[in-house]
Amino acid sequence: MTTGYNFAYLDEQTKRMIRRALLKAVAIPGHQVPFGGREMPLPYGWGTGGIQVTAAVLGQHDVLKVIDQGADDTTNAVSIRRFFARTAGVATTTVTTEASIIQTRHRIPETPLRAGQIIVYQVPLPEPLSKLEPSRAEAARMHALAEYGLMHVKLYEDITRFGHVSISYDYPVMVNGRHLMSPSPIPAFDNPKLHMSPALQLFGAGREKRLYAIPPWTEVRSLDFDDHPFRLTRAPHECGLCGADDSYLDEVVTDDQGSRLYVCSDTDYCATRREAGHGG
Amino acid sequence: MADDTLLAARGLSLAFGRVQALAGVDADLWPGEVLAIVGESGSGKTTLLDVLSGRLRPDAGVAWYRDPDGALHDVHAMPQPKLRALHRSDWGFVRQNPRDALRLGVTAGGNVGERLMAQGNRHYGGIRDVAENWLHRVEIDTARMDDLPRTFSGGMLQRLQIARTLVTHPRLVFMDEPIGGLDVSVQARLLDLIRTLVAQLGIAVVLVTHDLSVARLLAHRIMVMQRGRVVESGLTDQVLDDPHHPYTQLLVSSVLQA
Amino acid sequence: MLRVAAVAKTFVLHLQGGVPIPVLEDVSFSVAAGECLALSGPSGAGKSTLLRMLYGNYRADSGHIRVWHDGDWLDIAAADPRAVLAARARTLGYVSQFLRVVPRVAALDIVAEAGGGDRDAAAKLLHRLNIPPRLHGLPPATFSGGEQQRVNLARGFIARRPVLLLDEPTASLDAENRDIVIGMIHEAKARGAAIVGIFHDAAVRDAVATRLYPVTPLQDAYDRDHSDQCHAGAAA
């Protein structure tokens with residue numbers, strides 16, 4: 001552990017401030033709580049919100065897993081994992097079941113989370129209404145009064161233009177029947193995993209200095225119409241490495257002839273399956 | 001206020017700095033009635049519309065509204081969520097410039113359907129059926145239902161705004177110069193459309209206009225405003241054909257004969 | 001059906017320094033069902049003004065204009081606007097000299113709307129008044145003066161109101177159509193309508209009027225000219 005920094009980089013007052021905001025966020029599921037975001041040693045868009053939330057909830061005995069698009073071995077995931085290994089000295093892992101805290105960008109692990117785990121999402125745009133309502137004050141009023149008809153207008157427009165809701169990631173959800181929430185840019189495929197999860201789910205947006213939460217066992221519904229219900233979309237393939245037919249797949253171009261390989265985006269899930277003898 | 005009044009205002013006053021925009025205005029509106037508020041720019045007619053609809057709060061006076069269940073509400077004492085819900089359901093507001101009211105990046109059908117979705121309608125097919133019916137009623141080719149309004153003419157935009165407003169069958173609609181920004185060639189068509197829909201649906205309308213011919217064609221009663229006061233009011237044709245107040249006589253005599 | 005008592009009317013022209021123009025004074029008469037009262041007197045005497053007052057279009061300064069409406073007497077001179085509108089909707093019919101409608105509405109629709117939506121009856125009446133079917137679907141703004149007046153007459157007669165007010169109903173009509181209108185007025189009387197009219201044409205007046213009510217000018221010729229100007233402006 002590198003000396004010269006406070007435990008987990010942030011000073012204790014800042015962590016307390018973030019924890020207070022998190023308590024409020026947990027108390028009002030899906031509601032965006034402003035917090036005093038700090039400058040972090042990485043640029044906005046690289047997970048500054050998630051990293052501050054992780055720093056605020058991290059304890060000495062936690063085991064940290066960091067994924068980026070489902071992968072443990074991408075630059076961003078590796079950097080953040082190493083950052084906390086250095087500044088907090090905590091144990092790290094790539095195995096979902098072993099982790100007590102998972103910081104993620106754009107995915108939820110395939111392996112179901114369990115009670116006691118915390119998942120921290122990196123959020124670029126916390127306001128689900130931002131593309132529809134340019135005024136932030138008006139958007140706040142709409143949240144306050146639960147006026148979410150406009151969001152359905154967006155879905156209506158999608159169905160009208162494309163025959164189905166074309167939102168494939170960051171698909172808006174209604175949390176606890178009250179607050180409209182952006183689930184961060186996870187694929188819509190992951191949306192059902194938000195619902196009634198035994199784990200605590202925390203969301204941090206560094207640039208926008210907002211955080212929000214879904215407490216364990218909270219109802220999370222993807223918006224839809226009665227006659228156009230929310231449907232999972234998944235590439236119609238099996239994983240080329242482990243043969244999984246239930247996981248979210250990345251498409252990898254393998255040569256300049258247009259050959260493609262579909263592989264699990266969750267590298268831990270894929271590796272675990274292969275160790276168990278599955279193959280593509 | 002009488003038992004069957006839809007909207008009643010007493011002693012509404014509002015000053016902007018030293019300008020007295022409204023001075024002791026009384027008004028009554030019955031279900032299905034069209035009330036025109038006329039006067040020149042700065043007479044306070046738009047301010048009155050904003051105060052009656054709860055968009056502005058008066059310095060003094062009160063405005064009562066009777067909901068469909070017969071209960072009375074002080075418009076300016078209503079909680080914000082309730083007033084906003086009212087504006088999405090039992091009330092409507094038609095602005096002079098439809099671009100201020102419509103969502104130009106949303107299809108015509110989506111614009112009409114928004115109030116339905118805001119009320120919790122979650123059936124896509126049902127919303128489309130209602131929207132299609134309303135586009136037909138305001139004489140917009142239903143083949144344009146999935147087009148963006150920015151490709152529409154001014155008259156079509158205004159008709160779309162009317163469809164978007166009336167889709168929830170409001171009982172009270174506030175209109176601010178609804179044909180003011182349009183070419184003369186399309187004004188007559190829109191006037192006739194408004195007149196027909198208002199009569200068919202039995203909608204009460206508070207209509208602000210500076211155009212006396214619009215007031216004559218649409219309104220049962222008229223209120224003439226000058227410097228924040230109502231100087232004359234009564235039956236529309238009576239006030240316009242036999243004006244008593246000097247200001248009304250001036251207004252009436254200033255109109256060019258077509 | 002109609003009782004007029006001590007009605008007076010003075011126009012005050014505020015734009016001309018508040019000049020008062022007295023037009024009518026102490027007008028009293030009554031009209032029974034089946035009667036046709038013709039207002040007589042020289043041009044500018046105030047006949048049209050009086051007729052408009054009976055309809056509630058001009059206000060009376062004093063006196064009473066009582067109409068038998070919905071089983072009771074309603075004083076048009078004192079009634080609130082909604083009561084006047086109700087009387088116009090069910091009791092009072094008025095045929096003005098000029099047709100004023102929304103430019104886009106077809107002749108047939110104008111008449112049918114006045115007749116409670118009965119398009120067949122509207123078409124029949126227009127036909128009777130020699131408005132050919134090819135014109136029924138067109139807005140009357142493009143019609144000749146005589147055609148417009150006949151549309152106006154159809155609109156006034158279709159609803160069979162108990163009280164009918166006719167302002168020069170045959171002014172722009174040829175002899176044939178004039179006779180048709182005379183026939184319609186006779187039928188209205190026969191069904192029990194009380195009619196008050198201004199008939200410039202002596203032959204028409206003699207044919208339909210059961211009584212005359214003379215309206216005498218209160219002003220000399222000079223003031224009358226002013227009064228006419230006021231009317232023209234006020235009727236905008």
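Helices (H or I, at least four residues) and strands (E, at least two) are taken here as DSSP runs, numbered from the N terminus. By that count, chain C has 9 helices and 9 strands. Its radius of gyration (taken over C-alpha atoms) is 18 Å, close to the 18 Å that the globule rule (2.2 Å times the number of residues to the power 0.38) gives for 236 residues, so chain C is as compact as a globular protein of that length. The C-alpha trace of chain C spans about 50 × 40 × 35 Å along its principal axes.

A few ground rules apply. This is a predicted model, in which local features need pLDDT of at least 70 and side-chain atom pairs count only at pLDDT 80 or more, while totals for chains, interfaces and linings use all residues. Residues are numbered from 1 along each chain as its sequence is written, chains are lettered from A and ligands numbered from 1 in the order in which they are written, and side-chain values use heavy atoms, with hydrogens and water left out.

Back to chain C: of its 236 residues, 47% are buried, where buried means under 20% relative accessible area, exposed over 50%, and partly exposed in between (1.4 Å probe, protein chains only). With contact meaning heavy atoms within 4.5 Å, residues 24 or more positions apart make up 68% of the contacts in chain C that have a separation of 6 or more. One loop residue of chain C is worth a look. C:Asn130 sits between helix 4 (119-128) and helix 5 (133-136) of chain C, and has a positive phi of about 60 degrees although it is not a glycine. Most residues other than glycine have a negative phi. C:Asn130 counts as partly exposed, at 33% relative accessibility.

Now for how the chains meet. There are 2 pairs of chains in contact, and chains B and C share the most contacts. Chain A and chain C, on the other hand, do not touch, and their nearest C-alpha atoms are 35 Å apart.

Between chains B and C, 33 residues of chain B are in contact with 29 residues of chain C. The two bury about 2500 Å², 52% of it on carbon and sulfur atoms; buried area is the accessible area (1.4 Å probe) that two parts lose on being put together, summed over both. This interface has 6 salt bridges, a salt bridge being a side-chain nitrogen of Lys or Arg within 4 Å of a carboxyl oxygen of Asp or Glu. One salt bridge joins the side chains of B:Asp241 and C:Arg52 (3.8 Å, N to O). On the side of chain C that touches chain B, the elements that give two or more residues are strand 1 (2-13), helix 2 (81-90) and helix 9 (221-234) of chain C. Helix 2 of chain C brings the largest share, 5 residues. By class, that side has 16 nonpolar, 4 polar and 9 charged residues (Ala, Val, Leu, Ile, Met, Phe, Trp, Tyr, Cys and Pro count as nonpolar, Asp, Glu, Lys and Arg as charged, and the others, Gly among them, as polar).

The contact between chains B and A takes 22 residues from chain B and 20 residues from chain A. Here about 1800 Å² is buried, 60% of it on carbon and sulfur atoms. Of the area that chain B buries against chain A, B:Arg84, B:Arg122 and B:Tyr124 supply 42%, more than any other three residues. There are 3 salt bridges across this interface, and the side chains of B:Arg84 and A:Glu138 meet in a salt bridge (2.9 Å, N to O). Helix 2 (80-88), helix 4 and helix 5 (124-137) of chain B each supply at least two residues of the side that touches chain A, with the largest share, 5 residues, coming from helix 4 of chain B.

B:Thr107, in the loop between helix 3 (98-101) and helix 4 (108-118) of chain B, counts as buried at 0% relative accessibility. Leaving aside residues up to four places away in sequence, B:Thr107 touches residues including A:Tyr156, A:Glu157, A:Arg161 and B:Met145. B:Glu139 lies in the loop between helix 5 and helix 6 (154-166) of chain B; B:Glu139 is not a glycine, yet has a positive phi of about 65 degrees.
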